[in-house]
Amino acid sequence: MDRNSRKRSALTHEQIAEIFSRIHAFDYHGTRIRVVENNGQKWMVFADVCKALGYKNPNHQSKYLNSEEKCRLDIGLKNTLATCISQSGLHFFAMLANKESALEFYQWAVKEIFERW
């Protein structure tokens, strides 16, 4: 199936259940951080990361990431794919971020998501 043109209405209940089974949510100071497991690797939804750090435009911020550190994954959104980042992408983004909370967020993510889960 071409992921770029998929429509939720065209998916079976089993396919939708499989998509949602790969998504795990974590709480960071009241902000939901969704993590998707894809091919054995954990990817964080970049819009959630940006929201947690106070950035308003994730599309603009994602331009700073290398293509190996980000990908577009199906997380069950209607007719669209979400930009997600890897642990190395999060590390790079936290180092470039002009937010004081970026390092704290990175340390939390490594400890709670990438090491424990």
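How are helix 2 and helix 5 oriented to each other? The views below take this pair, then strand 5. The model is predicted: local features need pLDDT of at least 70, side-chain atom pairs count only at pLDDT 80 or more, and totals for chains, interfaces and linings use all residues. Residues are numbered from 1 along each chain as its sequence is written, and side-chain values use heavy atoms, without hydrogens and water.

**View 1. Helix 2 packs against helix 5.** Helices are DSSP runs of H or I with at least four residues, strands runs of E with at least two, numbered from the N terminus. Axes are lines fitted to C-alpha atoms over the stretch in contact, and angles run from 0 to 180 degrees between N-to-C directions. The two helices are therefore oblique to each other (under 35 degrees is roughly parallel, over 145 roughly antiparallel, 65 to 115 roughly perpendicular, the rest oblique).

**View 2. Residues where helix 2 and helix 5 meet.** Helix 2 contributes Val49, Ala52 and Leu53; helix 5 contributes Ser101, Ala102 and Phe105. Contact means heavy atoms within 4.5 Å.

**View 3. Strand 5 is covered on both faces.** Strand 5 covers residues 82-85. Ala82 and Cys84 lie on one side, Thr83 and Ile85 on the other, and all are buried (under 20% relative accessible area, 1.4 Å probe, protein chains only).

**View 4. Strand 5 and its antiparallel partners.** Strand 3 (residues 41-45) joins strand 5 through two bridges. Met44 stands opposite Ile85. Strand 4 (residues 70-73) pairs with strand 5 over four bridges. Here Arg72 has Thr83 as its bridge partner. Pairing requires at least two DSSP bridges between the strands.

How values were computed:
Buried means under 20% relative accessible area, exposed over 50%, partly exposed in between (1.4 Å probe, protein chains only).
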